[in-house]
Amino acid sequence: MIDPVLLRENPGLFKRSQEARGDSVEAVDDALAADAERRSTITAFEDLRAAQNVFGKTVAQAPPEQKQALVSEARGLATEVKAAGAVAAEAEERFTKIVKTIANPIIDGVPAGDEANFKTLRTHGEAPVFDFEPRDHLELGELLGAIDMPRGAKVSGTRFYFLKGIGARLEIALMNMALDRALDAGFVPLITPTLVRPEIMDGTGFLGEHNDEVYYLPGDDLYLTGTSEVALAGYHKDEILDLSEEPLRYAGWSTCYRREAGSGGKDTRGIIRVHQFNKLEMFTYVLPENAEAEHERLVALQEGMLQSLGLSYRVIDVAAGDLGSSAARKFDIEAWVPTQNAFRELTSTSNCTTYQARRLDIRYRTDTGKTAPVATLNGTLATTRWLVAMLETHQQADGSVRVPEALRPYLGGLEVLTPLPAKGTK
């Protein structure tokens with residue numbers, strides 16, 4: 001959660017952040033009041049406990065004729081200590097509950113407002129121009145025998161699909177290309193669990209306002225993850241890390257699950273907004289003072305991937321109201337999707353500063369020997385949705401699709417994806 005010392009010393013920082021996000025500013029005052037109560041009850045409890053310890057020594061040293069009366073008095077004091085401890089615990093619980101409603105304070109420069117208030121930082125490439133009517137990714141996928149939505153729905157319901165033949169090969173090629181890029185950049189690959197305990201899901205900030213997006217298995221008390229960020233954040237829970245040489249960098253390969261609650265009618269055609277997909281996620285543990293530089297490094301890796309695939313894109317600074325509770329800043333990279341005549345998000349990378357590490361108790365040892373929370377960052381390097389932009393951008397009039405040169409080695413040198421023969425033809 002947030003730093004309680006920073007909250008007391010600079011409540012204005014949190015109020016400005018809450019206002020920029022469109023969240024409750026009053027929650028900051030509520031948290032301050034709960035913090036004051038928490039600290040006063042803890043002090044009262046500790047004072048009583050200290051008095052109890054002193055009195056215990058008095059009882060031990062008292063002559064036999066005085067001990068009975070003193071023991072009776074000690075029991076009464078013990079009852080007071082127990083009651084004070086219960087009051088302190090309740091105050092701590094109230095403070096924790098309130099402070100969890102306060103999101104990570106945004107970094108200076110993050111645009112205020114809702115999702116429409118993002119800031120475009122830069123664009124790359126030109127939108128493709130066709131001398132024919134372009135097909136959308138699903139029509140192309142069906143021509144290529146790459147995407148099968150009807151059977152996905154038959155087997156699992158709406159927003160499920162099969163990647164078939166060259167579609168399956170294309171995704172595996174993309175993921176392997178991303179993995180090679182991650183390895184070259186010093187990331188350790190991990191294939192992560194996709195079911196996690198509640199404390200891990202909560203620790204990363206995914207059980208707040210977007211709880212309805214998460215699949216839950218009540219019989220096992222486990223959550224299906226919508227990103228390997230969750231498992232990667234929990235990987236070092238309750239540990240003290242050595243970050244003196246380099247950040248710890250991981251690349252998590254996993255299947256991801258999202259309920260897509262509240263998105264009815266949006267992008268229901270094809271594989272843009274689905275319940276299950278594959279993703280390669282970068283995750284880093286860094287010293288807090290190096291977090292912003294690491295953020296730029298992750299974005300650069302993402303841009304390198306999109307450039308290698310010949311995609312036109314823009315990088316945006318996501319508005320505060322569109323940030324998750326754990327992100328202090330998020331950069332999205334949106335690729336141009338020709339048939340939608342719009343940019344669509346392919347990657348996100350977030351600087352979560354110390355927010356997740358505080359909740360998961362992940363620390364490093366400072367020069368003074370004391371421990372302090374690390375900073376955590378995450379960013380997508382490849383995911384199923386990339387197929388949408390790739391198919392549409394590189395399509396040709398006959399329904400074939402050119403394979404980006406950088407991806408060809410991962411497809412055995414294949415240069416063009418060609419439509420399957422129509423039924424009844426050779």
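Two strands count as paired if DSSP finds at least two bridges between them. I began my notebook with that rule, and with a second one: helices (H or I, at least four residues) and strands (E, at least two) are DSSP runs, numbered from the N terminus.

**Ground rules.** I am looking at a predicted model, where local features need pLDDT of at least 70, side-chain atom pairs count only at pLDDT 80 or more, and totals for chains, interfaces and linings use all residues. Residues are numbered from 1 along each chain as its sequence is written, and side-chain values use heavy atoms, with hydrogens and water left out.

**Entry 1, the sheet.** I traced an open sheet of eight strands with mixed pairing, in the order β1-β11-β12-β13-β16-β10-β9-β4. Its edge strands are β1 (119-124) and β4 (188-191), each pairing on one side only. On average, neighbouring strands are turned by 25° against each other, direction ignored. For axes I use lines fitted to C-alpha atoms, for helices over the stretch in contact, and angles run from 0 to 180 degrees between N-to-C directions.

**Entry 2, around β9.** I found ten bridges between β9 and β10, which pair in the antiparallel sense; here Thr255 stands opposite Asn278 of β10. β4 and β9 run parallel, joined by four bridges, and Leu190 faces Gly252 in β9.

**Entry 3, β16 and Asn378.** I saw β13 (residues 342-351) and β16 (residues 375-383) pair in the antiparallel sense over three bridges, with Asn351 bridged to Leu377 of β16. Asn378 is also in β16. Is Asn378 buried or exposed? It counts as buried, at 5% relative accessibility.

Elsewhere I checked α2 (residues 11-21) and α3 (residues 26-61), which pack at about 145° with axes 8 Å apart. Contact means heavy atoms within 4.5 Å, and Phe14 of α2 and Leu32 of α3 are among the residues making this one.

Methods. Buried means under 20% relative accessible area, exposed over 50%, partly exposed in between (1.4 Å probe, protein chains only).
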